[in-house]
Amino acid sequence: MLLIPAIDLKDGHCVRLKQGDMDQATVFSEDPAEMALHWLQQGARRLHLVDLNGAFAGKPKNESAVKAIIKMVQQYAEDNDIDEIPIQLGGGIRDLDTIDRYLNNGLSYIIIGTAAVKSPGFLHDACSAFPGQVIVGLDAKDGKVATDGWSKLSGHEVIDLAKKFEGYGVESIVYTDIGRDGMMGGVNIEATVRLAQAVSIPIIASGGVHNLADVEALCAVQDEGIEAVICGRSIYEGTLDLLTAQTRADELSEFE
């Protein structure tokens, strides 16, 4: 089980939102690249970036911050003899040119969310053009998929879409339970396991991680196909210590 720190970008800063509300943003750092370095020093082996402005605008809006993070991560990997520290990014990705540019800049994975639901043809094309590098982000409330930075609820069932997208060749699925994101109420284990059991590609859990008990609860079901969990507010506010939690997750994985 991999713990992936989230770096949410708004106006070039690293922030956290409460339940996707742009008006409820807490700025945690003016320098996202330094924040990336901090998480790497705390044992992070992968990073999750979100271009929040991009998600709402439908096009990249924090590219300079993203480039600065990539540069910092690559330098850190080189200095510490690490082959690769993957970086995934979502938010505002609506065309193949954007994906191409981001991957050429050094990102490992691109996360397609709203566009996957609204234009499945685009997702299909992206999976064909960039095999193994496209992740789909499904944000759900009560089993239904939400789009447009969570502002709209679609009629689609999460599991139906997940199966369809698996057929397209997506690498994995980031599954966020909107009701819990940024509220630290614990991960919706049941819904995450249900989704993992329905598909054979890996699930990355997101939303609601509060403390070590949540990480341990996810580790207990990781064999269902849950490979990682994205951590946000918990590691920024200190209810979860990233280094301790990753060490614990590694221990639990060894016992299995």
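Which residues of H1 are buried? Here are some friendly notes to read beside the structure, which is a predicted model.

1. Let's settle that opening question. The buried residues of helix H1 are Pro 32, Ala 33, Met 35, Ala 36, Leu 37, Trp 39 and Leu 40. Helix H1 spans residues 32-41, and seven of its 10 residues are buried, so the helix is mostly covered. Just after H1, have a look at Gly 43, which takes a positive phi of about 100°.

2. Now turn to strand S5, residues 87-90. Ile 87 and Leu 89 lie on one side, while Gln 88 and Gly 90 lie on the other. All four are buried, and both faces of the strand are covered.

3. Who are the neighbours of S5? Strand S4 (residues 47-51) runs parallel to S5 and is joined to it by four bridges. Strand S6 (residues 109-112) also pairs with S5 in the parallel sense, over three bridges. Leu 89 is a handy landmark here: Leu 89 is the bridge partner of Leu 49, and Leu 89 also stands opposite Ile 110 in S6. To get from S5 to S6, the chain passes through helix H4 (residues 96-105), and this β-α-β crossover is right-handed.

4. Which element gives the most to the lining of the largest pocket? That is H8, with three residues.

5. Finally, a point that comes from a record. UniProt places the feature "active site" at Asp 8 and Asp 139, in an unreviewed entry. You can find Asp 8 in strand S1, which covers residues 2-10. Is Asp 8 buried or exposed? Asp 8 has a relative accessible area of 9%, and because buried means under 20%, Asp 8 counts as buried.

Terms used. Residues numbered from 1 in each chain as written. Predicted model: local features only at pLDDT ≥ 70, side-chain atom pairs only at ≥ 80, totals over all residues. Heavy atoms only, no water. Buried < 20%, exposed > 50% of the residue type's maximum accessible area, 1.4 Å probe, protein only. Helix = DSSP H or I, 4+ residues; strand = E, 2+ residues; numbered from the N terminus. Pairing = 2+ DSSP bridges. Right-handed = clockwise from strand over helix to strand, strands pointing away. UniProt positions renumbered as here; feature names shortened; annotations may be inferred.
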